[in-house]
Amino acid sequence: LFRSETLRQKYKAGFDLIRELAESDEIEQLNIVTLNHDTLVEQFLSANGIKFVDGFGAREGDVRWSDDRVYADADKRVRLFKLHGSIDWYSFQYEGRLRTAIFQGDDVANAVDGTGKRLVAQTGMPSYLTGINKSDAYQRGIYTDIHFHFYALLRELDHILMSGYGWGDTAINFRLDSWFDRSRANKLILLQEHPEVLANRSLVFATGYDAWKNAGQLTCVERWLCNVHLSELR
């Protein structure tokens with residue numbers, strides 16, 4: 001177990017490749033999918049003036065309510081999907097039902113909506129997933145919506161750039177395995193210093209690794225995202 005405060009870090013450096021991808025004329029739309037609970041990516045995008053949608057609406061009082069319809073906003077080339085929740089997500093009892101929002105106030109215990117009405121948080125803790133039964137939570141609430149969008153992306157896109165994922169989520173691994181099988185045109189670029197160690201963490205990765213590489217679907221770059229530039233990926 002760990003205290004959520006350890007996730008409340010401030011962005012420092014290491015995401016230049018994300019900026020290059022977001023600003024590239026070669027990319028029609030950049031979809032950032034992360035399992036991290038921190039807000040480093042959001043901080044980086046905002047600090048660099050990159051507009052993005054994250055599945056939440058405009059601010060109302062201290063909160064931004066979950067609204068996955070924003071993903072259809074054609075003006076936003078960059079979309080963020082946080083499959084395991086976030087350090088700034090909270091669940092509130094609101095109008096007779098439980099709703100998830102990004103909290104942007106100072107004290108969640110005194111949160112108010114856009115009319116100044118007091119909001120009651122379900123707990124004093126952020127809403128994010130931990131432990132070994134995360135896949136069960138994918139079937140309820142905000143996680144159902146966000147995973148629906150993730151699965152839809154896998155039906156549409158033929159290129160994935162991956163860095164930092166340890167292949168430890170069985171449900172997501174099965175989805176990626178199906179994505180590889182769907183078309184030989186589907187290609188994944190893996191930024192990983194030692195890609196072979198992933199075989200010890202995931203049976204899916206260990207089983208498919210050689211076949212994906214031999215088929216030209218998996219390209220391993222033995223460096224982390226922070227040490228790679230778009231010009232090298234080309």
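Tutor: A pocket is an open set of points on a 1 Å grid over the protein atoms alone, where a 1.4 Å probe fits and protein lies on both sides within 12 Å along at least five of seven lines; its lining residues have an atom within 4 Å of a point. Volume is the space filled by probe spheres set on the points, which are joined across faces, edges and corners. This model is predicted: local features need pLDDT of at least 70, side-chain atom pairs 80 or more, while totals for chains, interfaces and linings use all residues. Numbering runs from 1 along each chain as its sequence is written, and side-chain values use heavy atoms, without hydrogens or water.

Student: What volume does the largest pocket have?

Tutor: About 1500 Å³. Its lining has 43 residues, with Asn-31, Val-33, Ile-160, Leu-161 and Met-162 nearest the centre. By class, 29 are nonpolar (Ala, Val, Leu, Ile, Met, Phe, Trp, Tyr, Cys, Pro), four charged (Asp, Glu, Lys, Arg) and ten polar (the others, Gly among them).

Student: And the second largest pocket?

Tutor: About 440 Å³. It is lined by 19 residues, including Ser-91 and Leu-98. Strand β6 (97-103) and helix α4 each give two or more of them; helices (H or I, at least four residues) and strands (E, at least two) are DSSP runs numbered from the N terminus. Six lining residues are nonpolar, seven polar and six charged.

Student: Which residues of α1 are buried?

Tutor: Residues three or four places apart point the same way, because an α-helix has 3.6 residues a turn. In α1 (residues 16-23), Leu-17, Ile-18, Leu-21 and Ala-22 are buried (under 20% relative accessible area, 1.4 Å probe, protein chains only). They fall within an arc of 135° seen down the axis, so they line one face of α1. That arc uses directions from the helix axis to the C-beta atoms.

Key
Buried < 20%, exposed > 50% of the residue type's maximum accessible area, 1.4 Å probe, protein only.
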